[in-house]
Amino acid sequence: MTSPRDESPPEQEGYPGWTARTIVSLVLFIHLFCLFVALASNYYLSPLQIALVNAVGPYVQLVKLKPTAPYHLTDSTEMSDDHFIEVEVVAGPQQGEKVRFPESKVGASPVGRRAEFFARTIAATGYMGAEPNTAALAKAAGAHVLAEGDNEEVIVRIKRIQPQERVLDSTNPATPADPSAEPYISATYQARVWRDRMGQVQLLKIEETKVVAPLE
Amino acid sequence: MGNAIQKYFDRLATAFGQGWNRFWFTPSDPLTVSVLRVIAGAAALFYVVAYSFDLIEWFGPNGWLPVETVQQVMETSPGEGAAYQWSYLNRIESPGLLWTVHVIGIAVIALFTLGLFTRVTAVLALVVVLSYIHRAPVLAGQFEPVVAMLIFYLCLTPCGRYLSLDRRLGIGQPAPSDDGGQQRSWAATVGLRLIQVHVAGLYLMMGLAKLGSTTWWEGGAIWWLMAQSQSRVVDFTSLRNFLYLINAWTHAIVLFELSYGILIWNRLARPLLLAASVVMWTLTALVTGLVPFCLVMIATGAAFVPAEFWHSLLARRGREAEAESPLPDAKKEAVTAA
């Protein structure tokens, strides 16, 4: 068997020596393995992949090799839709006011993009069933508006803008031509956020009341 | 039989070893990594400067994203952990101090882009970019990992050899080679190859991820992107009646991404794929609003452009500049006489 020492390249200016090549090759092997694990575990994960991702996690995370967002841009589920945060002040100096975040159309603006991504992330944690994370992020959003306006209580709503179907039924009031019309917007999560007597911010999720018609 | 198997494995090991050495260690001209330094620096500068508009709103006292909330969220995600999300911004809340480190961060990235003390500023620029990403991982989309990846690999390379203040001022520049040109460097090859492999892998995974989603098979995915009324840049929904066009566009994206990951290694196919990437990403940027991400994906194609191309481009620019600049009288006379 030929050893790497025998495969010395032709003498060329700037070519690394055998020792340097061996060390760098070893580091490259390890890095490429971590990279493969990181890139291959973007969305759906097998138990083996979860174990591998956890094993290479420190390195992969530290240098941000693993993208946080899925690669597919859209999978036509609610996770891929535009979202925004609406904070309604129910008690305090700004009572009755509603803060919308991002304020309006996002487009290519990096500021609006971040706000939209924040709203989408909060919604996504809810869709994935990570309720404590949804609550933590919604609480932070509510606390921000409480502090900004010295308010006492707010309602945080994460709202989804449902995209229009390609074929619009003009006779159906649920599918108007205006894509930002009310029928396309729904709250995916809402919670009361207030400051208690100790000054601590508290959150209570508002459960949707579902009315079911009785069976005949 | 046993002998034949041994011979096969001998040949395989030899071929693999030689191929590996040739691929990773053949010294190359550092011009391509220098071009990538300017691209990565500009992208990083855009990313960090864009935080100037809402820096305190996100990271300040009573900001949208307190450090504790971020750490709580990251602890519960697979492969994530607050311990590895190191950021110097985690320790700062005071608006004055936040602004100070923000301005210093911008200055560091600007120096890296301009190529001053590149060996040091490359590492510092990576620390700055990663600090912003790790301070707000829930805000990180597709753009940030690409920028971090580029700077990370450029730290390994002599990316300040060209198009840099280091070159002008003669800082850290090696002696010219025998032919008078810049010395070739195997570190430049390692860094460039890592970028190429990473980008090709990214394209492959983007294509494969789309194959895992029914909407990309059914040809309607581009419609669902067009229909996002809040984030799109240009409203393409007037194409709603052109079903086949929507289907073709959707399939073309998947085909392009899968092809790019594989065929970019083929010299003949490379120019076509690089041209296609400009068209694909420009259209995707207009539909999705992911403009910085799409632009940086186009720019990563520079990693596959040989140094000779950049040299000819620079030479042409140099000649144009020379032609535009007024010649001294003595020189003019010589030119006229000639």
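In this predicted model, the largest cavity is lined by 16 residues, and those nearest its centre are R113(A), G141(B), F143(B), E144(B) and P292(B). The space in this largest cavity comes to about 240 Å³. Two or more lining residues come from each of α3 of chain A and, on the side of chain B, α2 (31–49), α7 (143–154) and α14 (291–300). Of the elements involved, α3(A) gives the most to the lining of the largest cavity, with four residues. Sorted by class, the lining of the largest cavity holds 11 nonpolar residues, two polar residues and three charged residues.

Empty space of this kind is found in a simple way: a probe the size of a water molecule is rolled over the atoms, and this shows where space is left. By the rule applied here, the count comes to six cavities of 30 Å³ or more. The second largest cavity has a volume of about 110 Å³, and of the 13 residues that line this second largest cavity, P67(A), Q142(B), P145(B), V146(B) and L202(B) are the closest to its centre. The elements that give two or more residues to this lining are α7, α9 and α14 of chain B. By class, the lining of the second largest cavity has 10 nonpolar, two polar and one charged residues.

The lining of the second largest pocket divides into nine nonpolar, five polar and seven charged residues.

How much area is buried between chain A and chain B? The size of an interface is often given as the accessible area lost when the parts come together. For chain A and chain B the buried area is about 7,500 Å², and carbon and sulfur atoms give 64% of this area. On the side of chain A, the residues that lose the most area to chain B are Q61(A), R114(A) and R166(A), which together make up 11% of what that side buries. The contact takes 79 residues from chain A and 88 residues from chain B.

Across this interface the rule finds one salt bridge, which R114(A) forms with D54(B), the closest N and O atoms being 3.0 Å apart. Counting residue pairs in polar contact between chain A and chain B, with both residues at pLDDT 80 or more, gives 23. The elements that give two or more residues to the side of chain A that touches chain B are α1 (18–40), α2 (47–62), β1 (82–91), β2 (98–101), α3 (110–127) and α4 (131–148) of chain A. The largest share of that side, 10 residues, comes from α1(A). By class, the side of chain A that touches chain B has 44 nonpolar, 20 polar and 15 charged residues.

Over all chains, the count of salt bridges comes to 12. One further pair is found within chain A, where the side chains of D82(A) and R120(A) meet in a salt bridge at 3.2 Å, N to O. Because D82(A) lies in strand β1 of chain A and R120(A) in helix α3 of chain A, the pair ties together parts that are 38 residues apart in sequence.

T175(A) lies in the loop between β3 (153–161) and β4 (185–195) of chain A, and the side chain of T175(A) reaches the backbone oxygen of D169(A) at 3.0 Å. Leaving aside residues up to four places away in sequence, T175(A) touches L168(A), D169(A) and Y184(A). Between T175(A) and E165(A), which are 10 residues apart in sequence, the distance from C-alpha to C-alpha is 8.2 Å.

The backbone also deserves a look in two other loops. P102(A) is found in the loop between β2 and α3 of chain A, and the peptide bond from F101(A) to P102(A) is cis, with omega near 0°. K64(A) lies in the loop between α2 and β1 of chain A, and phi of K64(A) is near 55°, a positive value in a residue other than glycine.

Key
Residues numbered from 1 in each chain as written. Chains lettered and ligands numbered in written order. Predicted model: local features only at pLDDT ≥ 70, side-chain atom pairs only at ≥ 80, totals over all residues. Heavy atoms only, no water. Nonpolar A, V, L, I, M, F, W, Y, C, P; charged D, E, K, R; others polar. Contact = heavy atoms within 4.5 Å. Buried area = accessible area lost by both parts, 1.4 Å probe. Salt bridge = Lys/Arg side-chain N within 4 Å of Asp/Glu carboxyl O. Polar contact = N/O pair within 3.5 Å; in protein donor to acceptor, adjacent residues only side chain to side chain. 1 Å grid on protein atoms, 1.4 Å probe; cavity = no way out; pocket = protein on both sides within 12 Å on 5 of 7 lines; lining within 4 Å. Points joined across faces, edges and corners; volume = space filled by probe spheres on them.
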